[in-house]
Amino acid sequence: MTTDRRPAPTHRLPPRLRSPRQRLWDRLLVLDPGFVKSEGALRTLLCVPAGMAVGYAVALQFGLPAVLGLMIGAMPAFITCLVIVDPSARRVAGRTGAVIVPFVAALAGSIALHPFRILELVLIVVLLFVQFLAFQWGKWASDAAIVAFSGYLCGLLLPLPETSVLPLSIVVAASLAATIVIRTVFLRPDAYRSLLRVRRGFLARGADVLEASAAALAVADDSRARARALRRLARRRSQYHEIALTVDGMLAASGTDAADELHRLVFDTHFAIDELGRAAATLVEQGAPEDVRHAALRAVTIVLRHGGSAGDDAGRTLAARFAITASAADPASRTTVLAHRMAREFADLRTAGLRWREVADELPRTGDGVPFASPVILAGGRPAGAVPVVADAVADGPWRRLHMTASLRTAVHAAIAVAITEPLALLLDGSRFYWGVIGVMIVLAGTNTTHERVRKGIHRGVGTVVGGIVGIALVHVLGTDHPWVTMVLVCVLLAVGTYGFGGVYAVWAACLVVVLCQVYDFSGTFTDALIPIRLAENLLGATIAILVSIVVLPLATRSVVRRAVRRQLVAVRAFVLATVGVDVDETEPADAADPTPASRPTPAAAPDLRARSRAVDAATYQLEAVLKPMVRFPTGGPARADARMRASLQAAATFARELAGRPGAAPVDVPATLRGAAEVLAASVDRLADRVVAGPGTDASGSPAWTRITDVLEGVVATADPGDAGDAVRARVHALGRIDESLALFAERVGMPVVAGAATRMSAVGGTISS
């Protein structure tokens with residue numbers, strides 16, 4: 001007797017039909033939200049040839065070598081396209097035009113200092129110090145410092161007479177003028193178009209999460225296939241979380257009402273899709289019955305087929321199909337709870353989708369009223385990672401008496417590293433010593449931790465090797481017989497490298513080396529040994545820079561991690577207080593000795609739980625950035641303790657997001673006991689933050705304890721009124737209880753005593769605040 005083992009029908013809908021062009025467009029927007037990197041590459045592709053053309057014309061007019069006109073014309077156009085990014089065309093023109101002064105001054109100074117070799121080398125140290133220090137002085141000062149260093153290197157490498165300063169200044173002016181025209185006329189910033197691109201990339205990444213959820217729900221009982229599907233879903237959710245933070249950061253500079261609405265839409269859409277992905281993963285992990293998984297799969301595919309506007313249909317379909325399963329007989333089961341949660345999230349997804357369309361129609365298509373900000377507020381177009389954490393560690397660390405800042409610390413590292421690198425690079429190859437200086441600069445620029453600097457140094461080395469192989473081959477194939485082909489190749493490679501500059505740095509390094517091979521070939525100085533020497537000097541400078549940053553004004557990795565943990569705990573504390581209507585600056589935690597820390601903030605309008613939850617998410621992202629180990633030990637090593645700590649803090653962030661994503665009706669009158677419990681929890685978080693910063697070496701015997709609030713929260717639930725106000729109170733009780741549970745576990749791990757709270761004390765605290 002044979003048994004029919006045909007799989008049960010899934011009744012999946014066919015995927016939404018999209019043309020290859022639409023699929024490619026969505027992939028590009030997912031990889032590059034708002035086309036930030038793509039627009040940078042396009043600027044380079046158009047402005048560099050224009051700068052080369054006007055430089056060539058001016059060089060012929062004044063009798064300068066054509067190669068010189070091409071190089072000097074390309075340099076200011078390329079640097080300004082790379083450095084100056086702004087949503088305002090007027091500011092782009094102003095910042096681009098202003099850099100002519102530092103560039104020409106540095107160029108003329110370097111030409112005048114050719115006879116004074118020692119002074120010339122010393123000035124490099126000073127200029128690099130100022131370049132890194134200028135980051136704390138604002139955009140205009142940073143533009144001037146970067147361009148001045150570039151102009152100085154140009155004059156240093158080109159042995160020209162002082163009489164060439166005037167025609168070279170005209171070349172620079174013409175190149176910058178051409179760049180301004182192209183960027184303000186042909187590539188004028190368009191906030192409305194950028195907003196639509198960001199929205200489409202954000203929603204495309206959300207579709208990735210839903211597709212991964214469908215794949216996980218449809219997977220067979222094969223354990224390996226299930227594990228692969230769950231890993232893919234976790235990866236898609238992590239990527240979606242990052243792009244949600246990125247989009248939120250892009251909108252952060254606007255202060256209009258529409259921007260607030262967009263912030264809420266981004267949060268609500270992210271929350272709904274992420275919760276659907278999380279629920280799907282939980283159904284698969286707990287081995288939900290096949291009919292339940294197929295019901296969820298059917299609902300997900302409806303949304304994938306028809307878009308978020310079909311969320312109501314998906315939710316009703318899920319509810320109807322789940323109701324006829326055996327699992328629906330137990331209303332208290334985990335499976336039933338997950339199914340009902342997914343149905344609610346489908347409905348919320350439809351609401352968010354409809355509101356997205358309304359907002360897009362209401363936004364002005366021209367002018368400055370569009371609530372969109374340039375990604376310059378982010379670190380390289382991505383959420384800031386270690387930057388604020390290192391700034392905290394420097395400001396509050398052992399060097400605070402020196403009034404040290406993160407920029408000043410990096411500037412000191414750069415100056416010392418260059419002072420050490422220069423004589424060694426001169427011994428290695430006197431005519432190319434500046435390669436060692438560049439090695440110092442590239443490793444320190446845009447990096448803050450040892451992990452980031454080592455990673456960037458490795459990328460530089462790999463890119464140099466790959467670029468050297470390709471560049472040497474192209475030199476032997478093209479030679480100097482095809483100048484037009486070479487110029488097109490140079491411009492395209494610079495554009496491709498600019499795209500990779502904000503992502504995979506090795507791509508930029510490889511493209512730059514190929515370009516340099518062509519430049520050296522046309523200047524008559526190319527040899528096959530040139531690239532190995534460049535690699536050696538680059539790595540020399542990078543290695544010295546890393547060693548100097550470890551030895552000079554050091555910051556222990558564990559200390560930086562503790563600061564990152566403290567930042568997240570401070571953000572959690574602000575969220576806890578916001579749940580009971582107390583708005584407080586999360587950057588300034590209260591004194592742990594004060595039993596009523598929230599009695600000091602000034603009462604204001606009801607705080608936005610979404611904004612507070614986003615602050616917790618951002619702090620979690622920063623913690624992840626500093627937790628990356630230099631070496632991963634097979635046995636786990638310190639990473640095991642970090643994983644446990646991360647689990648507790650991520651759980652607190654998840655519970656905060658759950659409440660913020662579904663706050664319900666705000667309670668008209670927060671019960672005094674609930675407010676008192678939140679106050680005690682906030683005070684415990686303060687004490688935990690202090691304990692974490694103090695480190696494991698401190699004596700914990702007399703340290704303040706973590707006070708649990710579970711008993712009081714149970715009493716609040718028992719006395720909550722029925723209706724929407726009571727539901728809002730119960731939602732806050734649930735979130736606070738889960739946060740208390742996860743952080744109490746973390747407190748135990750760091751040696752902090754955990755005790756049960758006294759109900760009378762919490763009631764008294766709540767009564768004091770209410771009065």
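The model holds 22 salt bridges, each defined as a side-chain nitrogen of Lys or Arg within 4 Å of a carboxyl oxygen of Asp or Glu. This is a predicted model, in which local features need pLDDT of at least 70, side-chain atom pairs count only at pLDDT 80 or more, and totals for chains, interfaces and linings use all residues. Residues are numbered from 1 along each chain as its sequence is written, and side-chain values use heavy atoms, with hydrogens and water left out.

- Arg610 pairs with Asp268 in a salt bridge, with the closest N and O atoms 2.8 Å apart.
- This pair links distant parts of the chain: Arg610 sits in helix H23 (residues 609-626) and Asp268 in helix H11 (residues 257-285), 342 residues apart. Helices are DSSP runs (H or I, at least four residues), numbered from the N terminus.
- Asp268 is partly exposed, at 22% relative accessible area. Buried means under 20%, exposed over 50%, and partly exposed in between (1.4 Å probe, protein chains only).
- Asp274 and Arg657 form a salt bridge at 3.9 Å, N to O.
- Here helix H11 supplies Asp274 and helix H24 (residues 638-661) supplies Arg657, 383 residues apart.
- Asp274 is buried at 6% relative accessibility, and Arg657 is buried at 10%.
- Glu275 meets Arg341 in a salt bridge of 3.6 Å, N to O.
- Glu275 lies in helix H11 and Arg341 in helix H14 (residues 334-362), so this pair ties together parts 66 residues apart in sequence.
- Both Glu275 and Arg341 are buried.

**Nonpolar surface patch**

- Leu42, Leu45, Leu46, Val488, Val492, Val496, Val504 and Val507 make a nonpolar surface patch of about 570 Å².
- Patch residues have over 30% relative accessible area and no salt bridge; nonpolar side chains (Val, Leu, Ile, Met, Phe, Trp, Tyr) are joined within 5 Å, like charges within 9 Å.
- Accessible areas come from the Shrake-Rupley method with a 1.4 Å probe; for residues, only the protein chains shown count as cover.
- Helix H2 (36-62) and helix H19 (483-501) each supply at least two residues of the patch.
- Val504 is in the loop between H19 and helix H20 (505-523). Val504 is partly exposed, at 44% relative accessible area.

**Backbone at Leu553**

- Leu553 is not a glycine, yet has a positive phi of about 45°.
- Most residues other than glycine have a negative phi.
- Leu553 lies in the loop between helix H21 (530-551) and helix H22 (557-578).
- Leu553 counts as buried, at 12% relative accessibility.
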